[in-house]
Amino acid sequence: MMKEKNMTTTRLIIVAVGGQGNLLTSRIIGEAALLSDIPVRMSEIHGMAQRGGVVESAIVFGDASSTIISDGEADVLIGFEPSETLRALNKCNAGTFVITNTAPSPPFTVAIGRGTYPDPEHVKRLIQNKTGRLMAFDAAKLAREAGTAMALNIVLLGAAVESGTLPVSRESVIEAIETRVKKDFVELNLKAFELGAGAANENR
Amino acid sequence: MHKLLTDGPGKKLLLLGNEAIARGAVEAGLAFAATYPGTPSSEISQNLFQISMNSPLYFEYSTNEKVALEVTAAAANSGLRSLCIMKHVGLNVAADALMTLAYVGVKGGLVIITADDPFMFSSQNEQDNRYYAKLSGLPMLEPSTVEEAREMMGQAFTLSETLREPVIFRTTTRINHSTAPVVLGPIAQIQSEGDFQKDPMNLVTVPAVSRKLHVKLLENQARAAELSEASEYNREEGRGEFGVICNGVSYAYVHDAVKDLGIEDKTAVLRIGFSHPMPKNKITAFLKERSKVLVVEEGEPYMEEAVKAFAQEEGTDVLISGKGDNLFSRLNEFDPALVRKNIAEYFNVPYDAPKIPDLSDAPESPARPPNLCAGCSHRATYYAVKKAAEGTDTIYPTDIGCYTLGFLPPLSMGDFLICMGSSVGTACGFSRATNKKVVAFIGDSTFFHSGIPGLINAVFNNHNFTLVILDNGTTAMTGHQPNPGVDMAELNLEGYGRVSIENLVKAMGVSHVSVIRPFNVRKSIETVREALDFKGVSVVIAREQCVLYAKSLKKKSGRPFYVSDKCKNHRNCILELACPAFYIDNGKTRIDPGLCVGCSVCAQVCPEKCILPLKSVS
Ligand code: SF4
């Protein structure tokens with residue numbers, strides 16, 4: 001196994017619905033870690049991402065060899081969709097910091113009467129009780145403010161970075177966005193990033 | 001330039017496991033590659049396909065894994081470094097070629113990648129393909145990390161050329177779909193022109209030749225065993241009375257567990273990366289120094305059985321465990337906490353279990369199963385068949401592709417599935433064994449892959465069913481790879497032929513062949529009904545390009561539809577079609593214009609005719 005600089009590990013889980021840009025977000029975070037010379041390993045399950053299923057990525061920073069995160073072992077959980085954040089709570093523990101978008105995107109099963117969407121306020125309280133800290137805000141709204149609903153992922157990334165819970169620096173993430181995102185969309189994404197960072201400051 | 005052609009040894013890139021594998025092959029001077037796509041292996045071939053457009057590398061999507069292996073077997077027997085890529089179940093298809101290719105061997109290096117899928121994230125079974133190495137007698141390598149995958153790929157070619165045999169390179173999903181920084185090595189020159197030397201007494205496997213070749217294979221296996229003993233990939237780390245033997249991703253979990261449990265000074269780890277033949281001497285020497293040994297491997301007890309057999313032969317009585325009730329399961333994949341717990345309990349060391357919050361009072365999140373895309377033509381075809389077959393008791397054998405998702409309610413079209421192509425063969429059986437109507441579904445790519453022999457069988461044995469070929473002009477499920485029916489000109493690629501499914505089916509002797517455009521609902525229902533009424537084998541080709549693929553080709557999609565005020569809320573649209581563009585807003589049915597691609601099927605289904613195209617697209 002490669003010798004790496006000794007540092008504590010931070011385990012981050014990102015959950016999203018297919019199409020919300022989870023994989024790009026993980027890539028950006030990974031690139032940012034690489035730029036800052038922080039050991040990083042990630043894994044993703046995305047077999048059916050394009051068919052509206054759940055996409056989960058795990059990012060492990062620091063001194064660990066595993067690329068996946070066991071139940072109860074996430075230090076940070078970022079949820080792009082509230083019912084998905086709820087579904088991923090088994091990854092958390094009493095110390096986990098949870099960042100979630102609050103704008104629901106109900107799965108199709110709800111429309112055809114094969115599932116009920118949980119009450120958002122109830123979900124919020126529940127997360128607050130079961131985990132270390134919750135930062136919840138309407139990231140979809142901020143994304144639209146930045147110019148497109150598609151930028152939701154970068155809004156949440158901005159909030160996560162600003163909250164200081166990830167070992168990657170703000171500068172390295174911005175640099176990674178600039179290299180990873182298509183040229184025409186960089187400006188928009190940087191705006192989304194700033195709006196997310198602002199939301200983090202408001203929700204401290 | 002393609003990212004994986006980056007020149008600059010020592011440079012660090014963030015790579016997906018599959019990219020690291022492709023890069024490793026490129027660094028090794030890969031000249032020739034063939035595949036049939038399958039998750040979790042698909043990105044390896046996707047990258048090589050792109051690379052082949054700007055380099056001397058020859059790459060092809062073959063019709064199935066058996067053909068891919070035959071194609072690469074010939075290339076390797078012409079001296080070219082070749083790679084054959086498939087998912088684990090693909091090796092079942094290629095097994096016929098594999099078993100005897102092991103006798104014949106190769107001249108240039110041939111590496112066969114089998115990407116196993118513990119937990120079946122996207123597969124129909126979780127078979128452990130390490131047994132294929134044992135069955136065929138071929139050497140096998142298994143990387144434990146993304147970084148190692150790159151480096152091991154080069155070694156696999158060297159090993160293949162040393163032994164003049166194909167090498168099986170086995171990964172699991174967590175190698176293929178993990179990402180890590182990878183340090184690049186230099187790219188070797190490609191030797192892209194092969195030459196074939198005739199040698200029928202060694203290359204034509206009639207019994208007299210094969211009897212000789214089997215002897216050679218066993219001799220080779222003995223040489224491979226020596227190499228396995230000496231291999232860096234089978235290495236011992238640490239010292240102590242506790243012994244752990246592991247492979248693949250489990251090694252990463254073991255590594256973390258030993259550190260987290262603070263038992264580095266008591267534990268020796270033997271990582272097996274060259275896993276067939278198993279290094280007997282290394283293992284028996286390892287056993288002798290230990291008080292207790294735990295074998296940590298996902299899947300079947302492949303190593304455990306070997307280790308126990310070695311111990312028995314040597315008369316070593318150290319306790320060896322692996323799979324068992326309070327230990328590891330043969331099911332699913334492992335994770336770090338599970339491995340930590342089992343190591344701690346087995347060696348009797350204290351540990352902290354992760355504290356999962358009590359979620360018994362939490363509401364359940366509504367299920368979010370993957371669904372056919374908005375505007376997917378499969379949905380329209382299923383609807384048409386359902387209407388045409390209404391009132392009859394029909395069995396629907398299905399097959400492997402996006403369309404398999406149609407088995408879920410409310411479409412509920414899909415009653416039986418075992419493997420690629422099985423819709424056709426099982427339709428033959430169901431139509432004979434029961435009195436029921438049988439309508440089978442198969443995609444274009446799957447039909448080319450392995451549906452053809454089943455259909456010929458149906459014609460010959462005069463079975464009675466309808467085969468619906470869902471021809472969406474691409475291999476959608478695995479990421480839109482080409483297949484023999486695809487119009488390659490749309491991809492701006494020259495030099496390809498094209499096989500017409502219609503001509504093919506007619507040439508097979510199917511007398512009732514029709515083509516439907518599934519977005520024309522009424523006409524489709526009528527045409528399907530005629531096919532169902534036909535006694536004998538009938539084929540309906542449902543032709544409409546995959547919407548996602550069309551989007552990637554930058555084709556214009558139709559105008560989105562909306563639900564007008566005339567809606568009486570029957571919800572036939574939602575309940576019968578389950579198109580994800582629909583949602584309910586304050587009890588009213590609505591269409592998300594961002595998702596709707598304007599296929600118009602719901603508008604044709606609505607009894608009130610109240611679903612209308614939006615005038616202007618905002
Ligand atoms: S990718 Fe194509 S074939 Fe697959 S569900 Fe979507 S539209 Fe249908």
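Entry 1: I started with Arg340(B) and Glu73(A), whose side chains form a salt bridge at 2.2 Å, N to O. I keep in mind that this is a predicted model. Side chains of opposite charge can pair when their charged atoms come close. I then asked how many salt bridges the rule finds across the interface of chain A and chain B. The count is seven. I also looked up polar contacts across this interface and got 25 residue pairs, both partners at pLDDT 80 or more.

**Entry 2: who supplies the side of chain A.** I listed the elements of chain A that each give at least two residues to the side touching chain B. They are helix H1 (22-35), strand E2 (40-45), helix H2 (82-87), helix H3 (108-111) and helix H4 (120-130). Which element gives the largest share? I found E2(A), with six residues. By class, I noted 23 nonpolar, 19 polar and 15 charged residues on that side of chain A.

**Entry 3: extent of the interface.** The size of an interface is often given as the accessible area lost when the parts come together. For chain A and chain B I read about 5,000 Å² buried between them. Carbon and sulfur atoms carry 59% of that area. I noted 57 residues from chain A and 66 residues from chain B in the contact.

Entry 4: I went back to E2(A) and asked which strand of chain B it pairs with. The partner is strand E8 (residues 178-183) of chain B. The two run in the antiparallel sense, over two bridges. For Met42(A), I found the bridge partner Thr179(B) in E8(B).

**Entry 5: the ligand.** I looked up the residues that surround the ligand. The site is shared between chains, because residues from chains A and B surround the ligand.

**Entry 6: salt bridges overall.** Over all chains, I read a total of 44 salt bridges. One that I looked up joins the side chains of Lys3(B) and Glu19(B) at 3.1 Å, N to O. This pair links distant parts of the chain, 16 residues apart. Lys3(B) sits in the segment before strand E1 (12-16) of chain B, and Glu19(B) sits in helix H1 (residues 17-27) of chain B.

**Entry 7: backbone checks in chain B.** Most residues other than glycine have a negative phi, and most peptide bonds are trans. I looked for exceptions.

- The bond from Thr39(B) to Pro40(B) is cis, with omega near 10 degrees. I placed Pro40(B) in the loop between strand E2 (32-35) and helix H2 (42-52) of chain B.
- The bond from His276(B) to Pro277(B) is cis as well, with omega near -10 degrees. Pro277(B) falls in the loop between strand E12 (274-276) and helix H11 (280-288) of chain B.
- Ser412(B) is not a glycine, yet I read a positive phi of about 50 degrees. Ser412(B) lies in the loop between strand E15 (394-395) and helix H15 (422-433) of chain B.

Methods
Residues are numbered from 1 along each chain as its sequence is written. Chains are lettered from A and ligands numbered from 1 in the order in which they are written. This is a predicted model: local features need pLDDT of at least 70, side-chain atom pairs count only at pLDDT 80 or more; totals for chains, interfaces and linings use all residues. Side-chain values use heavy atoms; hydrogens and water are left out. Contact means heavy atoms within 4.5 Å. Buried area is the accessible area (1.4 Å probe) that two parts lose on being put together, summed over both. A salt bridge is a side-chain nitrogen of Lys or Arg within 4 Å of a carboxyl oxygen of Asp or Glu. A polar contact is a pair of N or O atoms within 3.5 Å; within protein, one must be able to donate a hydrogen and the other to accept it, and residues adjacent in sequence count only if both atoms are side-chain atoms. Helices (H or I, at least four residues) and strands (E, at least two) are DSSP runs, numbered from the N terminus. Ala, Val, Leu, Ile, Met, Phe, Trp, Tyr, Cys and Pro count as nonpolar, Asp, Glu, Lys and Arg as charged, and the others, Gly among them, as polar. Two strands pair if DSSP finds at least two bridges between them. A residue is near a molecule or strand if one of its heavy atoms lies within 4 Å of it.
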